[in-house]
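I am opening my notebook on a new chain. My plan is to look up its elements, then a few residues one by one.

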Amino acid sequence: MMTRKQDLRTGAAVWSDRSSLGPTRTPLASDMETDVLVVGAGISGALIAELLAAEGFAVAIVDRRGAALGSTAASTSLIQYEIDVPITALARKAGEKIATR
């Protein structure tokens, strides 16, 4: 039997099953000092935090839901799913010109 985690053709985000994913979120136990606080642990927040950390800034990320659970899970997974559609199916759906572009 195929689990949702293994089924890449349903449009459901593979990473929506949080049991196998990290990083885990840890509540802040005490005050901390940081150069930059990034609010939002989705793809945009993660990329911004990575860039700033590479530039030498001390970076902290906060998100009330945890990593990749907001619009990242909703939008990026649908974009990634579209890539898995064979070009012939995409051509039937959107037209040959759009599919080949």
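I start with a term I need below: a crossover is right-handed if, with the strands pointing away from the viewer, the path from the first strand over the helix to the second runs clockwise. I also note that this is a predicted model.

**Entry 1: the whole chain**

I counted elements and found four helices and two strands. I then read their order from the N terminus, which is β-α-β-α-α-α. The chain has 101 residues, and 18% of them are buried. The chain exposes about 7900 Å², and carbon and sulfur atoms supply 59% of that. Next I checked contacts between residues at least 6 apart in sequence. Of these, 46% join residues at least 24 apart.

**Entry 2: the β-α-β unit**

Which elements make the right-handed β-α-β unit? I found β1, helix α1 (residues 43-54) and β2. Strand β2 covers residues 59-62, and β1 and β2 run parallel. How many bridges join β1 to β2? The number is four.

**Entry 3: two faces of β1**

In a regular strand the side chains alternate between the two faces of the sheet. I went through β1 with that in mind. V36 and V38 are on the covered face. L37 and V39 are on the uncovered face.

I picked V39, which sits in strand β1. Is V39 buried or exposed? V39 has 70% relative accessibility, so I call V39 exposed. The cut-off for exposed is over 50%. V39 also belongs to a nonpolar surface patch, together with L37 and V62. The three share about 290 Å² of accessible area.

**Entry 4: I61**

I moved to I61, in strand β2. I61 counts as partly exposed because its relative accessibility is 40%. Which residues does I61 touch, leaving out those up to four places away in sequence? My list is V38, G40, A41, G45 and A49. I took A49 for a distance check. I61 and A49 are 12 residues apart in sequence, and their C-alpha atoms are 7.3 Å apart in space.

**Entry 5: R25**

My last stop was R25. Where is R25? R25 lies in the segment before β1, and β1 spans 36-39. R25 has 57% relative accessibility, so R25 counts as exposed. I then listed the contacts of R25, leaving aside neighbours within four places in sequence. They are D63, R64, R65 and G66. I also checked R25 against A67. These two are 42 residues apart in sequence, yet 7.9 Å apart in space, C-alpha to C-alpha.

Methods. Residues numbered from 1 in each chain as written. Predicted model: local features only at pLDDT ≥ 70, side-chain atom pairs only at ≥ 80, totals over all residues. Heavy atoms only, no water. Buried < 20%, exposed > 50% of the residue type's maximum accessible area, 1.4 Å probe, protein only. Contact = heavy atoms within 4.5 Å. Pairing = 2+ DSSP bridges. Areas by Shrake-Rupley, 256 points an atom, 1.4 Å probe, with all protein chains shown as cover. Patch = residues over 30% accessible without salt bridge, like charges linked within 9 Å, V, L, I, M, F, W, Y side chains within 5 Å. Salt bridge = Lys/Arg side-chain N within 4 Å of Asp/Glu carboxyl O.
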